[in-house]
Amino acid sequence: MADGKYFSTTKKGEIHELKVELGALDKSKKKDAVKKVIAAMTVGKDVSPLFPDVINQMQTDDMELKKLVYLYLINYAKTQPDLAIMAVNTFVKDSQDPNPLIRALAVRTMGCIRVDKITEYLCDPLHRCLKDEDPYVRKTAAVCVAKLYDINAELVEDRGFLDMLKDLIGDANPMVVANAVAALSEIQELSGKPVLELTQATVAKLLRALNECTEWGQVFILDSVVNYTPGDARDAEGVIERVLPRLQHANAAVVLSAIKVIIKNMQFIQDESTLQQLQRKLAPPLVTLLGAEPELQYVALRNIALVIQAQPGVLANDVKVFFVKYNDPSYVKMEKLGIMTKLVNERNIDQVLLEFKEYATEVDVDFVRKAVRAIGYCAVSIQSAAERCINVLLELIQTKVNYVVQESIIVIKDIFRRYPNRYESIIGTLCDSLESLDEPEAKASMIWIIGEYAERIDNADELLEQFLESFPEETAQVQLQLMTATVKLFLKKPVEKPQQLIQLVLTYATQETDNPDLRDRAYIYWRLLSTDPEAAKDVVLAEKPTISATSDALDPALLRELLGELGSLASVYHKPAASFVSKLRLAVQRAEDLAAAAARGSASGDSETLTSAVVAESPVAGSAGATPTAPAAAAAAPVPDLLGDLLDLDVPAPAPAAAAAGFGAAAAPELPVVFGEDKGKGVVVRALLVQAPAGGYEYELSVSNVSAGVPLDGFMIQFNKNSLGLAPASQVVPLEPVLPGATSSARVPMTHVPHLQAPEQGNVLQVAIKCNQLGVLYMNDAIPQHLLAPPAQQQPLDFF
């Protein structure tokens, strides 16, 4: 028993110590205690038991302490909504404090607490602060309106906050104007409705505020002005004139936003001299952006690539700026090279060619390959420089560097196609390099040259015979080219040796290959040659259209969209923002939902139940307290907030219920199409809500991978509110990976969720299905009429 002392302790833990310190009379000790609480909260410790003690510290004149308490409150109010209500009186009182910093702090904090009960008390203080005499309070309140709209859009519209925000656009303080514009833009994006109507008068107000705003305020205003469509050329010139001074700003984001506005308005100006003058003014700020660190240079270069595609004259005389430096990282070198190929013209081709020749001798293999291709691009695009480009390529071939030689042959093939019968004198030099070819594309290019000019190459048959020795081991690209070149040789020189070669290659291609393309082409050639050699000549030796220069030019519609997003990630990726950004928002915490979650968490011992969920900006809501409609779903957990995982947000997903063993049944072939190929995703989804054999409902699902090009997997499903109040028993749909051209089917058991029941929806069933490769697919299905009467609920035996 003497060892019992090791099991007893007088320490009561860190929480208790903090609680004691928070109750101390000394103000400095209280502040230190709150700082310790915030530090513990920051590193992930649960200090929510101290909520009442921390809230008691709100009644203070110490600004630093008040900020700390408000920070704690924002973090824990969602898990303690009832206790948070106790702080409302302090909020309301602080919103009328003589100190404008405290008034603003109170409104800002109330807007950050996403609990519905708090929202009800926020309206009156917010209404006062939007009309506050201090601009700092007004600008804070403007942002708070956008936060409130995200929580309760109806409330914002009913209380007239949108009209008050619009009035703030004419405010005397430029920062208030900037925040009002930012809030209205955010609300417009959330609602999908035109909230910020840009008239000539509105734009004039915004541009007046531009000079005195902070840099980020200027970005907000410029990003809004870019959506304004000027009435005529004079109006467009007026906007440009007000925005031009922003090009000299030190912040790159302001410069790019200004360029975005100017390019948009240049479309409405017809006068050529004005356009040229504007293009000259756009060049210096773009060049200045290249003086920053490599990472910023890369972002600037990606944006410049878009600008010069829309306005080629902007940097036409500044190609030297993009010459590669010895210490540039490879990603900057590649971007500069791409821009130089876009800017090359007859005036600067000699300078550019010398640069490209120098780049082709560097040690970075990928960069060297791209430089050689750039020389070929110059030859194809600028006819007068073609011979100079070929001479440079021949000099590079003489270096005998393997990858340089192979890239040179690839681009010379394109030059031959662009200028037929002009530069055949160099074929002898190319043939000397046959032994060094080991890359499929280089081999295929050389074989094409031999076949195309077989009548001018004395030993063409011997050259092709060298390649035929390894025919079975070659890639399909080389095999196809080799077969076509051999047929060309036979048609141009129908003598004994080519005849033997054609027999050999056609035998290989029809009897010893598994490639259907190769085999089918061999049979076609064989049939043509055996039945009508003249027809074979007409087909195989037909005159080919000359090629033109191909660059990585973007589609005009995509370019217009990306120019509207200049200065954002979209302009770096060269993809629309919608293709890689999901519009997400935090869930609004309902007090009753949190209480239910707390009850479930305490019953299961799972503290993580109380963590806040994240949901998509979709009408599909999460659910709690689900009751199963069938024995098949009896083991399913209560339906969680499914769209979190549906959108890859790392919200823990429940394990599939044991009852999901009923999944996987083949869907009936007559299932109606709910998501067709016309949607452009390359997938067809067929589905139908049916009654389960054991009672309740199931959702029959069939997914066909028509043209997605990759296997599809990781399927998840969610329903919106519907007249039957149904939701999937588990969000995971155990479909096998759907290979291209294949179809996979499953049956998804349903669960009845009372608060998802919406009789006004009629037979409409809105469904969201997510897979790893395509993201979320939204579709509208219909509940069959005979199912609209809900099934009788089977009561458990102990009910009686």
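Of the 800 residues in the chain, 48% are buried. Buried means under 20% relative accessible area, exposed over 50%, and partly exposed in between, with a 1.4 Å probe and protein chains only. This is a predicted model: local features need pLDDT of at least 70, side-chain atom pairs count only at pLDDT 80 or more, and totals for chains, interfaces and linings use all residues. Residues are numbered from 1 along each chain as its sequence is written, and side-chain values use heavy atoms, with hydrogens and water left out.

The chain holds 34 helices and 11 strands. These are DSSP runs numbered from the N terminus: helices are H or I, at least four residues, and strands are E, at least two. A contact is a pair of heavy atoms within 4.5 Å. Among contacts between residues at least 6 apart in sequence, 65% join residues at least 24 apart. The chain exposes about 38,600 Å², and carbon and sulfur atoms supply 51% of that. The area comes from the Shrake-Rupley method with a 1.4 Å probe.

Now the salt bridges. The rule asks for a side-chain nitrogen of Lys or Arg within 4 Å of a carboxyl oxygen of Asp or Glu. By this rule there are 26. One of them pairs Glu 64 with Lys 31, with closest N and O atoms 3.2 Å apart. The pair links distant parts of the chain: Glu 64 sits in helix α4 and Lys 31 in helix α2, 33 residues apart. Lys 31 is buried at 18% relative accessibility, while Glu 64 is partly exposed at 38%.

Another salt bridge joins Lys 357 and Glu 395 at 2.3 Å, N to O. Here helix α20 carries Lys 357 and helix α22 carries Glu 395, 38 residues apart. Glu 465 and Lys 497 form a further bridge at 2.9 Å. That pair connects helix α26 with helix α28 across 32 residues of sequence. A network of salt bridges links Arg 369, Arg 373, Glu 407, Glu 439 and Glu 441.

Helix α20 (residues 349-359) also contains Glu 355. Glu 355 is buried yet has no salt bridge. The nearest side chain of opposite charge, Lys 336, is 9.2 Å away; Lys and Arg count as positive, Asp and Glu as negative, and His and the chain ends are not counted. The side chain of Glu 355 does make a polar contact of 2.4 Å with that of Tyr 359. A polar contact is a pair of N or O atoms within 3.5 Å; within protein, one must be able to donate a hydrogen and the other to accept it, and residues adjacent in sequence count only if both atoms are side-chain atoms. Not counting residues up to four places away in sequence, Glu 355 touches Phe 323, Val 324 and Met 340.

Turn to the loops. Lys 493 lies between α27 and α28. A polar atom of its side chain is 3.0 Å from the backbone oxygen of Ile 457.

Two other loop residues have positive phi. Lys 400, between α22 and α23, has phi near 65° and is exposed at 55%. His 574, between α32 and β1, has phi near 60° but is buried at 17%. Most residues other than glycine have a negative phi.
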